[in-house]
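User: I have a model open and I'd like to learn how to read a few of its features. Can you walk me through them?

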Amino acid sequence: MPVLVSDYSWTQTDSSVHISVPLKGAKPGRVHIMSTDQYIKVHFPPYLFEAFLFEPVHDDRSTAKVGNGVAVFSLPKRINKHWDHLMIATSDKEQKNEMRQKALLKYQEKLSSESRRKVEKQRAEKKYTLETMMKIEAEERESIQAMKDAERERTAAELAAWRLRREQKAEEDARLSAQSAGESSESLRVRTERQEDGASKGGRLRVDQRGSSDAKSQKKQGALPPPRQAGTIHITFSPRLFPTALRESRVPEEEEWLKKQAEARRAVNADVKELEELTENERNPDWLKDKGDKCFANGDYLGAVNAYSLGIRLNRKIPALYSNRAACHLKLKNLHKAVEDSTQALDLLNPPVAANAAARARARVRRGSAFCQLQLYTEGLQDYEAALKISPHNEALQADAQRIRDVIQGAAVDTRTH
């Protein structure tokens, strides 16, 4: 049975009533308030406050504030007059119960009307938003159409001007051609007359000149050099130098590694269904690797995983794609996937040569880090020590390996103590 609150306080003016109800340490989220024009209820288990008001109030203008351990009601009076009491003076339980039921029905009707008003308001706002968007789209379409019309008119004007210039140029060319044709016919007539006049005088001279010109052309043809003979150009390449000493030379392994890398670059999986929908760049595993590296640098680890994964689907023989995806899985705490990708990268980084030493060290460190986060410190230490063999002067690796040893020794000490 609830405990009735009796230590409330209230004040009034001719136009309003103010009620303060102590909440006994209850949190605001556990306080339930119901208010109508003649009934007020504040329920915060196990306490209950209810008031059957002396006169009706304006329920739609009434307010209730919860804070600082009290609930404060401000109730505007319907009739401006002084109340003798806050509540009606009756002890009839049936009358109070009837008033409660009426208040509950009014409260439910109030909630229903508020819900309907809220729905109608949301519907009106959606309608207004839709109309506004349609209006904006219509204005955009009109603007685009106006731009198209203006561009069409400008293009038509330019085309008409170009045609006019072309016609004018054609007329000018025809006029000049006709003029030059007339001049040519006139000069030809004059030259013909001159040739006829000098035919009898210069016959001997023309024969001598023709013979002289034939002799000169024959002399020029005889002076041409003979054609060049065919030959073969031999090209030799300088031998590739490796960083290891001759007595420790691993040239066969280096050559095998280079051949393996060249084959891996050419091995593109053409069976990927999405290949037809990809752009030319997206079909290139190297481009996808660069894209994944940029996403990783920007903190977009999921985007980097997607880029590396598509590159792997296109070409499953590039170790850098697996190693870099392992780094992304470390950031995303996908530790088992990080171990799998690092292992796959190490399998592809065979044979172990100087050209892939840095890549092997990175893959070892990433797998060792994943093992340590999985609390498999012994396996993690093995990978870190393998990385130190590749890069023995790396101080950061030395410090990380020592911390792992300390953790393993500490765990062993704790085990012996217990």
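User: Let's start with the largest pocket. Which helix and which strand each supply at least two residues of its lining?

Analyst: Keep in mind that this is a predicted model. In the lining of the largest pocket, at least two residues come from strand 6 (47-52), and at least two come from helix 1 (93-197). Strand 6 is the top contributor, giving four residues.

User: How much space lies in that pocket, and which residues lie nearest its centre?

Analyst: The space comes to about 310 Å³. Its lining is made of 15 residues, and Leu4, Glu50, Phe52, Lys96 and Arg100 sit nearest the centre. Sorted by class, the lining has ten nonpolar residues, two polar and three charged.

User: Next, helix packing. What do I look at for helix 7 and helix 8?

Analyst: The general idea first: a pair of packed helices is described by the angle between the axes and by how far apart the axes are. Here, helix 7 (residues 335-348) and helix 8 (residues 357-373) have axes that come within 9 Å and cross at roughly 155°. An angle over 145 degrees counts as roughly antiparallel, so helix 7 is roughly antiparallel to helix 8. As for handedness, helix 7 passes helix 8 in a left-handed crossing.

User: Which residues make that contact?

Analyst: From helix 7, you have Leu335, Ala338, Val339, Ser342, Thr343, Ala345 and Leu346. Helix 8 brings Arg360, Ala363, Arg364, Arg366, Arg367, Ala370, Phe371 and Gln373. Taken by class, the contact between helix 7 and helix 8 has eight nonpolar residues, three polar and four charged.

User: Now the backbone. Where does a cis peptide bond join an asparagine and a proline?

Analyst: As a rule, most peptide bonds are trans, and most residues other than glycine have a negative phi. In this model, the bond joining Asn350 and Pro351 is cis, with omega about 5°. You'll find Pro351 in the loop between helix 7 and helix 8. Another cis bond runs from Pro45 to Pro46, with omega near 5°.

How values were computed:
Residues are numbered from 1 along each chain as its sequence is written. This is a predicted model: local features need pLDDT of at least 70, side-chain atom pairs count only at pLDDT 80 or more; totals for chains, interfaces and linings use all residues. Side-chain values use heavy atoms; hydrogens and water are left out. Axes are lines fitted to C-alpha atoms, for helices over the stretch in contact, and angles run from 0 to 180 degrees between N-to-C directions. Angles under 35 degrees count as roughly parallel, over 145 as roughly antiparallel, 65 to 115 as roughly perpendicular and the rest as oblique. A crossing is left-handed if the near helix is turned anticlockwise from the far one by less than a right angle, and right-handed if clockwise. Contact means heavy atoms within 4.5 Å. Ala, Val, Leu, Ile, Met, Phe, Trp, Tyr, Cys and Pro count as nonpolar, Asp, Glu, Lys and Arg as charged, and the others, Gly among them, as polar. On a 1 Å grid over the protein atoms alone, a cavity is a set of points where a 1.4 Å probe fits but cannot get out, and a pocket is an open set with protein on both sides within 12 Å along at least five of seven lines; lining residues have an atom within 4 Å of a point. Grid points are joined across faces, edges and corners, and a volume is the space filled by probe spheres set on the points.
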